[in-house]
Amino acid sequence: MREMNKQHWAEAYIGRSYVEGAHDCADFVVAVLREHFGRTLALPAHAATLKERDAQIAAFKGVYAVRTTAPRDGDGVLMAAAARRRSLGHHIGIWCAVVGEPYVLHCLKGVGSILHPLRDLDRRALVLEGVYRWI
């Protein structure tokens with residue numbers, strides 16, 4: 001993932017741990033936005049159940065971000081779990097353009113933070129729900 005022999009900014013975030021209830025995908029996004037983009041995003045407290053969390057995500061889409069058809073680095077990538085992982089609900093990451101190709105930087109349970117091409121979401125049993133620009 002080199003861009004003209006320079007490290008892409010997202011590479012600095014690869015390998016961070018996923019910690020249930022303390023550093024999940026949403027916490028990871030908040031940290032990247034703060035550390036790299038200088039943006040403070042105060043998301044609501046974690047919901048108690050998966051069903052409540054998905055309802056929370058649906059309710060706050062227009063509060064924190066709006067759908068965009070012209071994504072740029074730092075936009076939110078909202079994904080839904082697919083196939084055998086459908087019971088996991090929604091997942092969020094950060095849009096990155098690496099040598100002109102769309103990538104998603106995100107933090108998965110059991111994996112940690114990774115950067116991979118958006119076109120390969122199905123390999124992680126994920127489906128793109130949309131890309132959102134932070135308000």
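1. A pocket here is an open set of points, on a 1 Å grid over the protein atoms alone, where a 1.4 Å probe fits, with protein on both sides within 12 Å along at least five of seven lines; lining residues have an atom within 4 Å of a point. The model is predicted, and totals for linings use all residues, while local features need pLDDT of at least 70. Residues are numbered from 1 along each chain.

2. The largest pocket has a volume of about 520 Å³, taken as the space filled by probe spheres set on the points. Its lining comprises 24 residues; Ala26, Leu43, Pro44, Ile57 and Ile92 lie nearest the centre.

3. By class, 15 lining residues are nonpolar, five polar and four charged (Gly counts as polar; Asp, Glu, Lys and Arg as charged). Helix H2 (50–64) is among the elements that each supply at least two lining residues, and H2 gives the most, with six. Helices are DSSP runs of H or I of at least four residues, strands runs of E of at least two.

4. Six strands form an open antiparallel sheet in the order S3-S8-S4-S5-S6-S7 (pairing requires at least two DSSP bridges).

5. S4 and S5 pair over five bridges, antiparallel. Valine 77 stands opposite glycine 93 of S5. H2 packs on this sheet, touching S3, S4, S5 and S8 (contact means heavy atoms within 4.5 Å).

Notes
This is a predicted model: local features need pLDDT of at least 70, side-chain atom pairs count only at pLDDT 80 or more; totals for chains, interfaces and linings use all residues. Side-chain values use heavy atoms; hydrogens and water are left out. Axes are lines fitted to C-alpha atoms, for helices over the stretch in contact, and angles run from 0 to 180 degrees between N-to-C directions.
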